[in-house]
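Morning, everyone. I have one structure to walk through today. Please put it up on the screen.

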Amino acid sequence: MTTLTEKAPAQPAKSAVQQKVAASLARRHRQETLFRFTGLTAVMISLALVALLFINIFSKGLPAFWQASITLDIHFDPAIIQISDKPVQQRGESDNAFRERDLAWRSEVGMINFNRIISDALMQVLPDADQHRRQILRMVTSGERFALRDMVIDDPSIIGQTKRLNLLTDANIDVWLKGNIDRSLPDHQQQLAPIVRQWADELYASGVIQNRFSFALFMNPDSRSSLASAGLAGAFMGSLFMMLIVMLLAVPMGVAAAIYLEEFAPRNKITDLVEVNINNLAAVPSIVFGLLGAAVFIGWFNLPMSAPVVGGLVLSLMTLPTVIIATRSTLKAIPPSIRQAALGLGASKMQTIFHHVLPLAIPGILTASILGVAQALGEAAPLLLIGMKSFVASVPATPFEQSTALPVQIFLWQGNELRNFFEARTSAAIIVLLTMMISLNGLAIWLRKKFERRW
C-alpha cells in the first residue's frame, strides 16, 4: 500500500505521432475559432452599417412627414369672387357645348385674385402688417390659392361663407421653424425678410402655426412653383402602373418560359444557347435596358415618352431573366421521385407537371416573382433614359399619360436648389419606397409559408 506522501506514477511521454495529431487538432480549433470570429465580425459590421443607414434616413425623413401649416379664417368674399353661376347641362345640349361652357366658367374662376383673400385672412392674425402687404404672402405657399380656387369650383355655395382652414406655409418658413437654417446668418444670406421671420416665430409661439401631418406629401403631385405643396402622388401612381405591367407581362411569361425550358424543351444546342443568353441578360446593367426601351418602344413603336407603359415594358424586359432563372431553380429543387411516381401511376407529362410539380413549386415561384417585382420597383437608371425624369405636375389616370416614378422622384428632389427643405423630403420619399419594397418582401415570405408543402 502506498502512503499519502508517495507520488503518482508519471504519465508516459507522448509519441511523435500523438504530438503531431495534437498540434494539428489545436491548429484546426484555432482556425475554426478564427473563422467563426471573422464571420461574426462581418455580420455585426454589416448589421451596424445597415442600422446606420436606416438611422440616417429615418432621422432626416421622419420630420418631413410633419409640415408647418397656418390656421386661418378664410372669408370667401363675394365682393372679390364675382363670378357667374356654375353652368348646368341643359336638356338637349350636347356634351361638347356643355364642356365648352364649363371650361369658360372655370377660366373665369381662375381669374379671381385668391391671393387677396389669403392676405385679408393673414391680416386678421397680423394686424400690424399693413405696411408689409407684399411680404405677408410669403407666409403661405403659392399653391394654396389654387386649393381655394378648387374649393370654389367644387362648391360655389361657399361664396360668402367663412371657413377655418389649415394652409401650408412657405417652404422657407417650414425649414426656418424646424431649425434647418442657421439663424445666426446675416440678413443678406437669409431666404426670408426679417419681418417674415419675426411673424413666423410669433405665430408659431401663439399656436397659429403648427406642425401637422403632411397629407400633401401623399396627395399632391410634384410642384416647382409651390415647393411646399410638392408631393409623391404622381410618382406613386406611375410606379403602381409600372408594377402592374411588370406583374402582367414579366411574371406569366417568365414562369411559362421556365416551365418549358426545364420540363419540356429538348436538350440541344438551341436550348443551350437560349439558356446562356438568359443568364447573360440577367447580368446586363439596367441602363442598357433603358437604351433598348428608348430605341424600340419610343423610336420604333412611337409610344409616348415618359409614360408608365414604356417604363413597365422596359422593367418587364429587365425582370424577365431573373424570374426565369429563379423559377427554374425552384423546379430543379423538386425531387425527381415526384415526377417518377406520377408517371408510374399513368399520369401524362402535362399532368405530372401541372398537377404534381407546380403545386410544390408555387412557394418558390411566388417568391421569385415578387422579389423580381421588388427589384424593378427600385430601378431608376432605365427610367431616366425613357424620359421619366421630366417634370410632371399631374397625377396620371392611365399608363399612357406622362408620369414619373418614386426612384426618379427621389433623384429629382435630391438635386433641388432648396436643399434644406428637400433633403428631408428626399429621405421621406426613400422611406415610402423602402416601405413598399419591404412590404413586397414580407408578402413573398408570407406566401411562401402559406403555400409551402413538404415532400
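Let's start with the surface. The protein chain has an accessible surface of about 25900 Å². Carbon and sulfur atoms account for 62% of that surface. Keep in mind that this is a predicted model.

Now the overall form. The chain has 455 residues, and 40% of them count as buried. The C-alpha trace spans about 115 × 80 × 40 Å along its principal axes. How does the radius of gyration of the protein chain stand against that of a compact globule of 455 residues? The globule would come out near 23 Å, but the chain has 33 Å.

On to secondary structure. The chain holds 17 helices and three strands.

H5 runs over residues 144–154. Which residues of H5 are buried? They are Glu 144, Leu 148, Val 152 and Ile 153. The cover over these buried residues includes two strands, E1 (66–75) and E2 (162–168). It also includes two helices, H2 (95–110) and H3 (114–125).

Stay with E1 and E2 for a moment. Asp 73 and Arg 164 form a salt bridge, with the closest N and O atoms 2.8 Å apart. Asp 73 sits in E1 and Arg 164 in E2, so this pair ties together parts that are 91 residues apart in sequence. Are the two partners buried or exposed? Asp 73 is partly exposed, at 27% relative accessible area. Arg 164 has 62% relative accessibility, so Arg 164 counts as exposed.

That bridge belongs to a longer list. The structure holds 12 salt bridges. Side chains of opposite charge can pair when their charged atoms come close.

Two more from that list. Glu 93 bridges to Arg 101, and the closest N and O atoms are 2.8 Å apart. Glu 93 has a relative accessibility of 18%, so Glu 93 counts as buried. Arg 101 is partly exposed, with 35% relative accessible area.

Next, Asp 102 and Arg 106. They form a salt bridge, again with the closest N and O atoms 2.8 Å apart. Both lie in helix H2, four residues apart, which is about one turn of the helix. Why does that spacing matter for direction? An α-helix has 3.6 residues a turn, so residues three or four places apart point the same way. Asp 102 is buried, with a relative accessible area of 14%. Arg 106 is partly exposed, at 36%.

Some salt bridges share partners. Glu 262, Glu 275 and Arg 328 are joined that way into one network.

Now to the aromatics. There are eight aromatic pairs in the structure. One of them is Phe 54 with Phe 58: the ring centres are 6.1 Å apart and the planes sit at 20°, so the pair is stacked. Where do these two lie? Both are in helix H1, four residues apart, about one turn of the helix. Phe 54 is partly exposed, with 31% relative accessible area. Phe 58 is partly exposed too, at 30%.

Phe 421 and Phe 422 are both buried.

Last stop, back on the surface. Which residues form the nonpolar patch? They are Val 50, Leu 53, Phe 54, Phe 58, Leu 62 and Ile 438. Together they have about 490 Å² of accessible area. Helix H1, residues 16–61, gives the largest share of the patch, with four residues. Phe 54 and Phe 58, the stacked pair, are both members of this patch.

Find the buried residues of H5, with H2 and H3 among their cover. Then find the nonpolar patch, with its largest share from H1. Thanks, that's it from me.

Key:
Residues are numbered from 1 along each chain as its sequence is written. This is a predicted model: local features need pLDDT of at least 70, side-chain atom pairs count only at pLDDT 80 or more; totals for chains, interfaces and linings use all residues. Side-chain values use heavy atoms; hydrogens and water are left out. Buried means under 20% relative accessible area, exposed over 50%, partly exposed in between (1.4 Å probe, protein chains only). Contact means heavy atoms within 4.5 Å. Patches are made of residues with over 30% relative accessible area and no salt bridge: like charges are joined within 9 Å, nonpolar side chains (Val, Leu, Ile, Met, Phe, Trp, Tyr) within 5 Å. Accessible areas come from the Shrake-Rupley method with a 1.4 Å probe; for residues, only the protein chains shown count as cover. A salt bridge is a side-chain nitrogen of Lys or Arg within 4 Å of a carboxyl oxygen of Asp or Glu. Rings of Phe, Tyr and Trp (its six-membered ring) pair if their centres lie within 6.5 Å; planes under 30 degrees apart count as stacked, over 60 as edge-to-face and the rest as tilted. The radius of gyration is taken over C-alpha atoms; the globule rule is 2.2 Å times the number of residues to the power 0.38.
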